[in-house]
Amino acid sequence: MSVFGDETPSRNLRAEFEETALPIAPALYRTARRLTRRSEDASDAVQETLLRAYRTFDRFQPGTNTRAWLFTILHSILTNDWRRRQRTPEEVPWEVVEERFASALRASAVDAESRLLQKLDASPEIDSALMELPDEFRAAVLLVDVEDFTYEEAAAVLRCPVGTLRSRLHRARKLLFAALRDYARRSGAAEG
Amino acid sequence: MADDAQHPRHALQDALDQRLDSAQLHELEAHLAGCDHCRRELESLRWTKACARSAPSFEHPPDLEARLRRALDEEDRGRGGAAAPRSPVRSFWPWLTAAAALAAAIWMGGRFWTSSIPEAFAKEFRALRTNALPLEIESEDPGELEAYFSRSGLPFPMRVFDLGMMAYHLEGATVRPVKGDPGALVAYRGPEGRSLLCRMYLGRLNDLSEPMDRRTNDGIAFHIYRDSDLTLVFWEEGAVVCVLVGDGDPEAVVQLAFAKAVRV
């Protein structure tokens, strides 16, 4: 917290903002696209994110983690949107996750995984499996596995304790594994 | 998710995300050597992570950047041009209010009330921690809280920082008098239910009682007080005294103050 009165009058906020924030827009869009599922909604969310950031950019302090700051705003916007649409986060009991995971694990041979991964590499099936995850689980995977945020950064973006983030991530990966194994097995069967 | 005696699930995930130190990693490797179940689980999670990373990327629409620039243009027009120099009047008026406050302090006879300020803020903090301190506005939105302070006739401009990156989230705010002048109070809630109180008021550090410790960071002087389990850090920003009160690790509270303080 601080008080006004310390700004440099000649500071060109617009130029600074464009230099700082615009390069992050594609990453914001990628994540927003997977969280909203619709291109236009994702573009709207990115635009709103940058406008909100711009309105408070005079308080931006050099050294702040800009990516995390912008992703925090984005997630706040999307969460409010979900609330407006009365979408509540889907609860997936731990036992269900474990059972799906164990079942997928039983059905597969580990030594075949690199081959299966090659089959799935960059395939639309991965995207479909990600889209099937509950919102908060999907957000955890996107931030940590795709956007390379640390647990601490991702937890701050999602406004949850690090332990919760870790738990969501763990469940998300297990559900993802079950779905991907299923895709991979079907893909292998189709070729084989 | 939890570790159990048989299978250290936390450790598997931490290993995957390179969050184990060498001793923990060594311990896990010893376990993996004899546990086929955990080896398979780790491999499957590694495979899943690799899959997620290889997910096809959504390319942003080609007109996204142009659209964003247009939106910024509109925002600039709405506020009269962002690149326009700001009015110097706003920069002066905290000093004018400081002069007024100084005159008032002299008229009132100097150190009246001031020696108990840390104690008073510690009491406020304890009331906040037990939800016994009413907040006039509850919001997580810094802009909304700043608008509230602006409406409240606070005798200095107020900035509210979102400390989300430090895992502290805004709870709300209120205006409470300090030395007879309206002062700002902002409440945050942090990890494990910890509270953080931020106070700002017109005053000087020299009016306070002798601190337990004095520190200097980035040219800013900090006065540090302890009150039982609480740490109170005071510093000046122009005519305004800023205070952080926390019940976490004392050094963490001090470092938070270092991070937030701005040289005026």
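This passage walks through a sheet in chain B, the helices lying across it, and some helices of chain A.

The model is predicted, so local features are limited to pLDDT of at least 70 and side-chain atom pairs to pLDDT 80 or more, while totals for chains, interfaces and linings use all residues. Residues are numbered from 1 along each chain as its sequence is written, with chains lettered from A and ligands numbered from 1 in the order in which they are written. Helices (H or I, at least four residues) and strands (E, at least two) are DSSP runs, numbered from the N terminus.

Chain B has an open sheet of 8 strands, in the order β1-β2-β3-β4-β8-β7-β6-β5, with antiparallel pairing (two strands pair if DSSP finds at least two bridges between them). At the edges sit β1 (137–138) and β5 of chain B, each of which pairs on one side only. Starting from the β1 side, β1(B) is held to β2(B) (residues 169–178) by 2 antiparallel bridges, and E138(B) has G172(B) as its bridge partner.

Over at the β5 end, β5(B) (residues 213–217) and β6(B) (residues 220–227) pair in the antiparallel sense over 5 bridges, and D213(B) finds its bridge partner in I224(B) of β6(B). The hairpin has 2 residues between the strands, and D218(B) shows a positive phi near 55°.

Helix α6(B) (residues 117–129) covers β3 (181–189), β4 (195–202), β6, β7 and β8 (240–246) of chain B, and runs at about 140° to β4(B). Helix α7(B) (residues 142–151) lies across β1, β2 and β3 of chain B, at about 15° to β2(B). Axes are lines fitted to C-alpha atoms, for helices over the stretch in contact, and angles run from 0 to 180 degrees between N-to-C directions.

In chain A, the axes of α2(A) (residues 25–36) and α3(A) (residues 39–55) come within 8 Å and cross at roughly 135°. The contact (C-beta atoms, placed from the backbone, within 7 Å) involves residues including L28(A), Y29(A) and A32(A) of α2(A), and A42(A), V46(A) and T49(A) of α3(A).

Further along chain A, helix α8(A) (residues 135–146) has 12 residues and reaches 15 Å from its first C-alpha to its last, close to the 16 Å expected at 1.5 Å a residue (the expected span is 1.5 Å times one less than the number of residues). α8(A) is mostly covered, with 10 of its 12 residues buried. Buried means 20 or more other C-beta atoms within 10 Å of a residue's own, with C-beta atoms placed from the backbone. Among the buried residues are F137(A), R138(A), L142(A) and D145(A). Just after the helix, D148(A) takes a positive phi of about 60°.

Key. Contact = placed C-beta atoms within 7 Å.
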